[in-house]
Amino acid sequence: MIEMSDSNTDDETDDGLGHPTRDKKHVRALEDGHYEDIWVFCETQRGELLDVSLEMLGKARELMDQFADDYGEEERVVAFLMGDDCEGLAEECIARGADVAVYHDDERLERFLHKPYTEIAAHMARGEGSLESTDWREYDKPRYVLFPATNNGRDLSAKVQAELDSGLASDCSDLFIEENEVSNPVKTGEPGVKKTFEKVLHMKRPDFSGFEYSTILCLDNPGREFHPQGASVIPGSFEPMEPDPEREGLVVEHEMELEDDWFRVEITDADRLEEGVDLTGHDVVVCLGRGIADDPTGGMELGLELVDAFEDAALGITRGIVTSSYEFEGHVEAYASEERQIGETGQVVAPDLYVAAGVSGAVQHKVGMDESDTIVAINTDTDARIRDFSDYFVEGDLFEVLPRLTEAVKSDAAEIALEPTPDAEAEVEAGAAVGGDEDD
Ligand SMILES: Cc1cc2nc3c(=O)[nH]c(=O)nc-3n(C[C@H](O)[C@H](O)[C@H](O)COP(=O)(O)OP(=O)(O)OC[C@H]3O[C@@H](n4cnc5c(N)ncnc54)[C@H](O)[C@@H]3O)c2cc1C
């Protein structure tokens, strides 16, 4: 113990690793803080606002209009953004529903970098900066804040909320503001007592593979407050507002010294894929899910072989694959990218035939494929939810069933045994099951 203490106080020999949090300042939450407004982080790319930024502004507008009706108090929608030459985008935010748009311009902010973006966002939210850039507000921190649930938005949301000493409900697809009565003593301070929290942002998100929706609340503790109440929002969850160029609002340039050290990561080159993958419009879609876990590369190869057996088919995947840490070999790696995801936050397809192999059938997946004419599910679990909305359910290991199905489609003659869902037949020729693919 003495040795440890000696070495820790010897600055000359301290490599800084012994105390990684030594300089960390604990940001104490406020007590009796003053909170107002809903803030929306408007992410940009290549000089344009992302669609999800416009969707969040539209939702925030709706929430605050309702807020004014419910509470008789006008609170504002505040867009905040940063980038290179983004004043024009700040003005666009006003036309899209914001009352105030705070922007920080710096050519080094052209692309997302989490350190400077986090520092600036937290600085803006705390109302730090020159008087001119902050005199439009008289509160400690925003009441609510929304971020997009994009790669960058997810990164930023977690860091900014931690900086502001609050919480975050991630990947939300619905939001509303209401009072909430709770009896939890952690929140009320006293067992057996009920307390009503006002103006609570209810943040709904799908959980347990989408089998239920949870509503997340960010409520103060006695003596410790958690604001802003924050959420990240799944793209496509809300409708943007029609732009109204006549809308009036305040555009504020944020002022802050940016430290060179925050720009240690330099983006020297960036490329953009020419075009994404369009899974719509094909006769057949073969979708792979986490059932390929035992041999991800092998499973992907089997899916691609089935795709090739059809004249016009494409390969899709579940989000389960996108977010997995499976290691795919190079020749199939590209097929595991998000652009092939089918579902609520991916593409919506309605082919003649949808083959779902190793897919559980979470509601977020279902909404992207249940308009397909014929759905064939291959799954080892007869209780898998996908069985409820598939036309044919094959109980079996996809590693055994997919090659047989491929052979059947190729030969157009072989029969495979399918366990029918209630309205289906017991034994079906592959050709019949794939309906309309006799030419293959
Ligand atoms: C906000 C939000 C948005 C989302 N958006 C989407 C979306 O757009 N699209 C989407 O797909 N998901 C989405 N999800 C995720 C979704 O909730 C599910 O987690 C996901 O769809 C599950 O993927 P999966 O079916 O591949 O994996 P799992 O749920 O893990 O299912 C794997 C299935 O494979 C079966 N299986 C295992 N081994 C085999 C085998 N050898 N042979 C045959 N079957 C086998 C298992 O029985 C199981 O049914 C979203 C989630 C959230 C929270």
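Here are a few notes on this protein, going from the overall picture to the sheet and then the ligand.

1. First, keep in mind that this is a predicted model. The protein has 440 residues, and 39% of them are buried.

2. Have a look at how the chain folds back on itself. If you take the contacts between residues at least 6 apart in sequence, 68% of them join residues at least 24 apart.

3. Now find the open sheet: 7 parallel strands, in the order S7-S11-S6-S1-S4-S5-S12. Strands S7 (168–172) and S12 (250–253) are the edges, each pairing on one side only. From one strand to the next, the twist averages 20 degrees.

4. Glutamate 36, for example, has proline 142 in S6 as its bridge partner. Helix H2 (residues 51–71) packs on the sheet, touching S1, S4, S6 and S11, and its direction makes about 155 degrees with that of S1.

5. Another helix to spot is H3 (residues 87–95), lying across S4, S5 and S12. H3 runs at about 165 degrees to S5.

6. What surrounds the ligand? There are 35 residues around it, and the closest are Gly289, Gly291, Arg319, Gly320 and Gly343. By class, this shell has 18 polar, 10 nonpolar and 7 charged residues.

7. Where does the shell come from? Domain 1 (29–263) and domain 2 (284–433) each give at least three residues. Helix H9 provides the largest share, 3 residues, and elements supplying at least two include strand S9 (195–207) and helix H12 (398–411).

Technical notes:
Residues numbered from 1 in each chain as written. Predicted model: local features only at pLDDT ≥ 70, side-chain atom pairs only at ≥ 80, totals over all residues. Near = placed C-beta within 6 Å. Helix = DSSP H or I, 4+ residues; strand = E, 2+ residues; numbered from the N terminus. Nonpolar A, V, L, I, M, F, W, Y, C, P; charged D, E, K, R; others polar. Domains from an automatic or database assignment. Buried ≥ 20, exposed ≤ 12 C-beta atoms within 10 Å, placed from the backbone. Contact = placed C-beta atoms within 7 Å. Pairing = 2+ DSSP bridges. Axes fitted to C-alpha atoms, helices over the stretch in contact; angles between N-to-C directions.
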